[in-house]
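Trainee: Could we look at this protein together, step by step?
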Amino acid sequence: MKKYTQINDIKNLQELIKEAILLKMNPYEYAHLGKHKTLVMLFFNASLRTRLSTEKAARNLGMNVSILNVNDAWNIEFEDGGIMNTNSTEHIKEAAKVISQYADVIAVRAFPSLTDKAKDQSEYVLRSFEKYATVPIINMESATAHPLQALTDAITISELADKPRPKVVLSWAPHPKALPQAVANSFVEMMQMMEVDFSITHPEGYELDEAITKNTPINHKQTEALKDADFVYVKNWSNFKDYGKILNQDPNWMMTEAKLGKAKFMHCLPVRRNVVVEDAVLDGDNSLVIKQANNRTFAAQVVLKHILEGL
Ligand code: CP
């Protein structure tokens, strides 16, 4: 593996999932692989799980880890050819090349603005690192994608499915803040690659990018969509068409025990209790959120392992 910035960087998903599950059983088997190798993690935005699980994954492989909250460093300019006489102090061209001298792998988290659709869709932060860095890049959640989370979710469903083709539903939920589409986008792409009966339910007007959803069935009636589901993945995203806007906060879309039935509940976390999902679901036996968060380590570890093997 030369990089992991998008789901399509995975060559053989089933093999990768199997390997992640084996790593979970024996996390230090490849502790020699990362000796004298450094992972530099760059955070333009906050994180709990991604930061700690990716660091743990790297250390399980014997890597050194450096973490930079980019907002504590010099302001980086991404525009080409601009006159840097305002807020930006250094250009991505220098920054990426300099960081590449300290790193064997660079991981980047950079969320969208949710105000400039074209700029967000261009993935200019992630693409600039890919362009100017001289080492492999890992996406720790970008403007439009969260491929490490999606690999985690695929591992979790594979581990816990009790039938060959489980029914998986992605259900939109209300939220008081405008959130990115990244987690939902990557989950959709991942489910399209898996042997699952997959559909999406959301209020009318909350369609994700059609280039991502493609032919995935969409049902605007949540209760109907959830019938006989084995796994229900709940996530808010702000409006994609009326970009970044909150057009619906209907509490009837919150996930409840009654709606979930016997299905397993999934969420990437962090989650707002009694807004996105009621307490009874998160505190109940059908919630997988803590197991999911644990699998973040092994998703990151299997990706890092493949990248280290390719260096
Ligand atoms: N799910 C996830 O990416 O969590 P963090 O934002 O805490 O990293």
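Here are some questions and answers about the structure shown above.

Mentor: This is a predicted model, where local features need pLDDT of at least 70, side-chain atom pairs count only at pLDDT 80 or more, and totals for chains, interfaces and linings use all residues. Residues are numbered from 1 along each chain as its sequence is written.

Trainee: How many helices and strands does the protein chain have?

Mentor: Let's count DSSP runs from the N terminus: a helix is H or I with at least four residues, and a strand is E with at least two. On that basis, the protein chain comes to 12 helices and 11 strands.

Trainee: What radius of gyration does the protein chain have?

Mentor: This value is taken over C-alpha atoms, and the globule rule is 2.2 Å times the number of residues to the power 0.38. For 311 residues, a compact globule would come out near 19 Å, so the chain agrees with the rule at 19 Å.

Trainee: What percentage of the residues count as buried?

Mentor: Buried means that 20 or more other C-beta atoms, placed from the backbone, lie within 10 Å of the residue's own. Among the 311 residues of the protein chain, the buried share is 43%.

Trainee: Which domains give residues to the shell around the ligand?

Mentor: The surrounding residues include Ser47, Arg49, Gln149 and Pro270. Domain bounds come from an automatic or database domain assignment. The ligand lies between two domains because both give residues to its shell: domain 1 (7-145 + 296-309) and domain 2 (147-292).

Technical notes:
A residue is near a molecule or strand if its C-beta atom, placed from the backbone, lies within 6 Å of it. A residue is buried if 20 or more other C-beta atoms lie within 10 Å of its own, exposed if 12 or fewer, and partly exposed in between; C-beta atoms are placed from the backbone.
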